[in-house]
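This briefing concerns a single protein chain, shown below with its sequence. Please keep both in view while reading the points that follow.

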Amino acid sequence: MEDKARKTIADLVLAALTLGVAAILIIGAQSLPPPRFEPLGSAALPRILGGLLIVFALIIAAGVLIRHRSSAPAPQQDTTTPKVDPKRGALVFIALIAYVFAVDVLRVPFIAATPLFVIAAGVAISGVNRRGLIAFAALGLLLAVFISTVFERLLYIRIG
C-alpha cells in the first residue's frame, strides 16, 4: 500500500472515531434531565462538545478526501521534527493524572491548577526552554480564565 493511501485511511479512521465519540456524547445527553432553573441545562455541555467534535471530524475528512483526490503526492515527513517518543506520552498522562488529583482530591483551585497542567504537558511534549515556558504559562492562564468564565457566566457552574 502506498504512503498516500495509508495516510488517507489513518485520517479517515480518526475522523470516524471522532464521529463515534460525538455520537456517544449526544446520545448520552438525551438521558440527562431537562433544565429546571438554569437556561441551558446539564445536557448543554455534552451537546456542545459533540457538535464541535462533529464539525472538526468533518473538516478532517473533507481535507483528507480533497488531498487524496488531488494528483499531488503525499506530504513528506519533516525531518526536523523530533521522533515519536513514548516517554513524552507517558509524561503527559502522568501530568493529567496529577492535574485531576489536584483539582478533585486536593481541591486546588481550577485557575491555579490549569496553567500548571498546561505548562507540564507542554514541557513534556516539547522540552524545557524559556520561550516555551512563557508561551505555555500564558496559554494555560488564558485557557483557565476562558473556561472558568464560560462555565460560570453561561452554564452557571462554579468550578474550583
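Helix α4 has 17 residues and should span 24 Å at 1.5 Å a residue; its end C-alpha atoms lie 24 Å apart, which agrees. The expected span is 1.5 Å times one less than the number of residues in the helix. This is a predicted model, in which local features need pLDDT of at least 70 and side-chain atom pairs count only at pLDDT 80 or more, whereas totals for chains, interfaces and linings use all residues. Residues are numbered from 1 along each chain as its sequence is written, and side-chain values use heavy atoms, with hydrogens and water left out.

**Overall architecture**

- The protein contains five helices and zero strands, in the order α-α-α-α-α along the sequence; helices (H or I, at least four residues) and strands (E, at least two) are DSSP runs, numbered from the N terminus.
- Of the 160 residues, 21% count as buried, where buried means under 20% relative accessible area, exposed over 50%, and partly exposed in between (1.4 Å probe, protein chains only).
- Among contacts (heavy atoms within 4.5 Å) between residues at least 6 apart in sequence, 63% join residues at least 24 apart.

- Arg 107 lies in the loop between α3 and α4 and has a positive phi near 60 degrees, although it is a residue other than glycine.
- With a relative accessible area of 63%, Arg 107 is exposed.
- Just after α4, Gly 127 also takes a positive phi, of about 95 degrees.

**Thr 114**

- Thr 114 belongs to α4, which covers residues 110-126.
- Because its relative accessible area is 4%, Thr 114 counts as buried.
- The side chain of Thr 114 reaches the backbone oxygen of Phe 110 at 2.9 Å. A polar contact is a pair of N or O atoms within 3.5 Å; within protein, one must be able to donate a hydrogen and the other to accept it, and residues adjacent in sequence count only if both atoms are side-chain atoms.
- Leaving aside residues up to four places away in sequence, Thr 114 touches Tyr 99, Gly 140 and Ala 144.

**Nonpolar core**

- A nonpolar core is a set of buried Ala, Val, Leu, Ile, Met, Phe, Trp, Tyr and Cys residues joined through side-chain atoms within 4.5 Å.
- The largest such core has eight residues: Ala 95, Tyr 99, Phe 110, Ala 113, Phe 117, Val 118, Ala 121 and Ala 144.
- The elements giving two or more residues to this core are α3 and α4, and α4 gives the most, with five residues.
- Ala 144 touches Phe 110, Ile 111, Thr 114 and Pro 115, not counting residues up to four places away in sequence.

**Leu 141**

- Leu 141 is placed in helix α5 and, at 44% relative accessibility, counts as partly exposed.
- The C-alpha atoms of Leu 141 and Ala 113 are separated by 9.5 Å, with the two residues 28 apart along the chain.

**Helix α1**

- Helix α1 has 28 residues and reaches 41 Å from its first C-alpha to its last, close to the 40 Å expected at 1.5 Å a residue.
- Lys 4, Thr 8, Ala 15, Thr 18, Ala 22 and Ala 29 are the buried residues of α1, and they pack against α2.
- Thr 8 lies in α1 (residues 3-30) and is buried, with a relative accessible area of 8%.
- The side chain of Thr 8 makes a polar contact with the side chain of His 68 at 3.2 Å.
- Thr 8 touches Val 64 and His 68, again not counting residues up to four places away in sequence.

**Largest pocket**

- The largest pocket has a volume of about 230 Å³.
- Its lining includes Leu 40, Leu 45, Ile 48, Leu 49, Leu 52, Phe 146, Ile 147 and Val 150.
- α2 (44-69) and α5 each supply at least two lining residues, and α5 gives the most, with five residues.
- A pocket is defined on a 1 Å grid over the protein atoms alone, using a 1.4 Å probe, as an open set of points with protein on both sides within 12 Å along at least five of seven lines; lining residues have an atom within 4 Å of a point.
- Grid points are joined across faces, edges and corners, and a volume is the space filled by probe spheres set on the points.
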